[in-house]
Amino acid sequence: MKAVESNIVSYAKVTNGRTAADVADRIDWVKLSLMFLPLATPVSDAKVLTGKQKPLTEIAFIFAEIRTRDGCEGIGFGYSKRAGGPGMYAHAKEIAPNLLGEDPNDIAKIFTKLLWAGASMGRSGMTTQAIAPFDIALWDMKAKRAKLPLAKLLGAHRDSVQCYNTSGGYLHTPLDQVLKNVAISRESGIGGIKIKVGQPDLPTDIQRVGEVRKLLGDSFPLMVDANQQWDRPTAQRMCRIFEQFNLVWIEEPLDAYDHEGHAALATQFDTPIATGEMLTSA
């Protein structure tokens, strides 16, 4: 991972009063860093095959390190694939001084303050994603101060969560390699498999899903993700065909903003329809 730029803001306050606000810990140092992680193999999903995007070759990360005058520290991050990383970093750098002097325990208050600091640019998309590194860093700090895992601090409902692998079935990966990846994941204890669909050639999608289901057996959790690349007629056709594969869900068969279309599919088919990943807001 290559560091491109870092920025530090710090704060010092001298007061003669001893109010409750003065006694509370305060944020006095924030560091932001922009880094790029190159990928050994370019990644392609349906958005690439339909010509809407180029293969993914690197990921931009924005790291926020926050420290208080009592010496507590937290670290958080955000990321962007393809475009947007430098823009997120620039926005985060502009709003970072608003953290200085704040009580790090007031996470919701700080989020709102940062949101209003960039409100003229809107309250969704990049402006809220740029807040994520700070928000995560503050939760990291609060968990460390409490000497608890974050799940326990928030209030856990279970001791473990079943995980699935989504990285072995991208569309740039040949079917034989997908099947090898699936087998390795299952043998390593992964609890589910998700593969990409959305090929311009629909029979290819059907073949790939069918072969993976055959390898896994009828009951092993299997999901697919079309990355928003089907229109409504295609989505209906493919959801109907995919019913035979006993999928846990079909993810983003339509444009993320097509709420009515997703609702119609959810009503029409037994297989659950998953969406919402690309809807970012406060």
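R232 is partly exposed, with a relative accessible area of 43% (buried means under 20%, exposed over 50%, and partly exposed in between, for a 1.4 Å probe and protein chains only). The model is predicted, so that local features need pLDDT of at least 70 and side-chain atom pairs count only at pLDDT 80 or more, while totals for chains, interfaces and linings use all residues. Residues are numbered from 1 along each chain as its sequence is written, and side-chain values use heavy atoms, with hydrogens and water left out.

The side chain of R232 forms a salt bridge with that of D258 (2.7 Å, N to O), a salt bridge being a side-chain nitrogen of Lys or Arg within 4 Å of a carboxyl oxygen of Asp or Glu. R232 belongs to helix α10 (residues 232-242) and D258 to the loop between β8 and α11 (259-268), so the contact ties together parts 26 residues apart in sequence. Helices (H or I, at least four residues) and strands (E, at least two) are DSSP runs numbered from the N terminus. D258 is buried, at 17% relative accessible area.

In total, the structure holds 10 salt bridges. Among them is the pair E102 and K113 (2.7 Å, N to O). E102 sits in the loop between α3 (85-95) and α4 (107-117) and K113 in helix α4, so parts 11 residues apart in sequence are tied together. E102 is buried at 10%, whereas K113 is partly exposed at 34%.

A further salt bridge joins E251 and K194 (2.8 Å, N to O). E251 lies in strand β8 (residues 250-251) and K194 in strand β6 (residues 192-196), 57 residues apart. Relative accessibility is 9% for E251, which is buried, and 6% for K194, also buried.
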